[in-house]
Amino acid sequence: NLYENDHFVPMGFAFDHYITRETFDATAKDYRCRLLMKGLLLEDDAIARHSDILTKLSDQQADTLSEDAFVADCADRRREASYEFTTDNRGFTSKIVLSKENLVFFSVPYDEGWSATVNGEEVLIEKANIGFMAVRVPAGEAEIRFDYHTPGLKNGAIVSLCGLVVLGCYLFINKKAKP
């Protein structure tokens with residue numbers, strides 16, 4: 001189920017194919033969402049990292065964007081999708097079983113504050129489908145964990161604390177200096 005309490009749940013979906021930016025840009029805007037069900041849109045550097053497990057979507061596949069093809073592509077995504085998805089105040093955890101090593105896509109906006117682990121080991125988060133996230137996951141049972149930490153929050157807290165210490169010292173010295 002993609003909806004929980006009337007909110008979309010960004011479950012993980014595995015893909016066998018990638019789409020280049022050129023193929024995406026050449027597709028009519030009304031059909032791009034259908035194209036994105038066939039493969040992950042990846043930038044060149046991500047394609048180079050994952051070309052051993054993903055194949056380029058052929059021109060023939062990219063041209064098959066009918067309603068029936070879209071329904072079939074949705075069924076393909078469902079076959080290797082997360083079976084469990086939980087959120088908490090730090091991020092989310094997803095569990096999936098894959099028949100082979102693959103990239104798993106999440107419809108969560110990509111941001112530098114995210115970190116991810118697969119089966120407890122840190123992994124690279126790829127920017128996929130223009131602004132969302134995907135991670136490489138081995139075959140078999142896997143637990144994928146995403147944690148979010150606001151970029152700059154720790155440094156900002158340290159600077160603020162230093163500022164409070166300096167202010168406290170100033171007030172203390174100013175009070176001692178007055179007769």
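**Reading the features one by one**

Analyst: Let's start with D88, which has a relative accessibility of 36% and so counts as partly exposed. Keep in mind that this is a predicted model.

User: Which side chain meets that of D88 in a salt bridge?

Analyst: The general idea is that oppositely charged side chains can pair when their charged atoms come close. Here the partner is R145, and the N to O distance is 3.0 Å.

User: Is R145 buried or exposed?

Analyst: R145 is buried, because its relative accessibility is 10% and the cut-off for buried is under 20%.

User: How many salt bridges does the count come to?

Analyst: The count comes to 14. One of them joins the side chains of K95 and E84, at 3.8 Å from N to O. K95 belongs to strand β8 (residues 91–98) and E84 to strand β7 (residues 84–87), so that pair ties together parts 11 residues apart in sequence. Both ends are partly exposed: K95 has a relative accessible area of 24%, and E84 has a relative accessibility of 34%.

User: Where does the pair of K95 and E143 link the chain?

Analyst: The side chains of K95 and E143 form a salt bridge at 3.9 Å, N to O. The link is between distant parts of the chain, with K95 in strand β8 and E143 in strand β14, 48 residues apart. E143 is partly exposed, at 38% relative accessibility. There is also a network to look for: D88, R90, R145 and D147 are joined into one by salt bridges that share partners.

User: What phi does N129 take in the hairpin of β12 and β13?

Analyst: N129 takes a positive phi near 50°, in a hairpin with 3 residues between its strands.

User: Let's turn to the surface. Which residues form a nonpolar patch?

Analyst: L161, L164, V165, L167, Y170 and L171 form the patch, and together they have about 620 Å² of accessible area. Take L164 as a case: it is found in helix α6 (residues 153–177). L164 counts as exposed because its relative accessibility is 56%, with the cut-off at over 50%.

User: For contrast, where does T20 lie, and is T20 buried or exposed?

Analyst: T20 lies in the loop between β4 (17–19) and α1 (21–26). T20 is buried, with a relative accessible area of 10%. To see what is around T20, set aside its neighbours within four places in sequence: T20 is then in contact with L41, I47 and K56.

Terms used
Residues are numbered from 1 along each chain as its sequence is written. This is a predicted model: local features need pLDDT of at least 70, side-chain atom pairs count only at pLDDT 80 or more; totals for chains, interfaces and linings use all residues. Side-chain values use heavy atoms; hydrogens and water are left out. A salt bridge is a side-chain nitrogen of Lys or Arg within 4 Å of a carboxyl oxygen of Asp or Glu. Helices (H or I, at least four residues) and strands (E, at least two) are DSSP runs, numbered from the N terminus. Buried means under 20% relative accessible area, exposed over 50%, partly exposed in between (1.4 Å probe, protein chains only). Patches are made of residues with over 30% relative accessible area and no salt bridge: like charges are joined within 9 Å, nonpolar side chains (Val, Leu, Ile, Met, Phe, Trp, Tyr) within 5 Å. Accessible areas come from the Shrake-Rupley method with a 1.4 Å probe; for residues, only the protein chains shown count as cover. Two strands pair if DSSP finds at least two bridges between them. Contact means heavy atoms within 4.5 Å.
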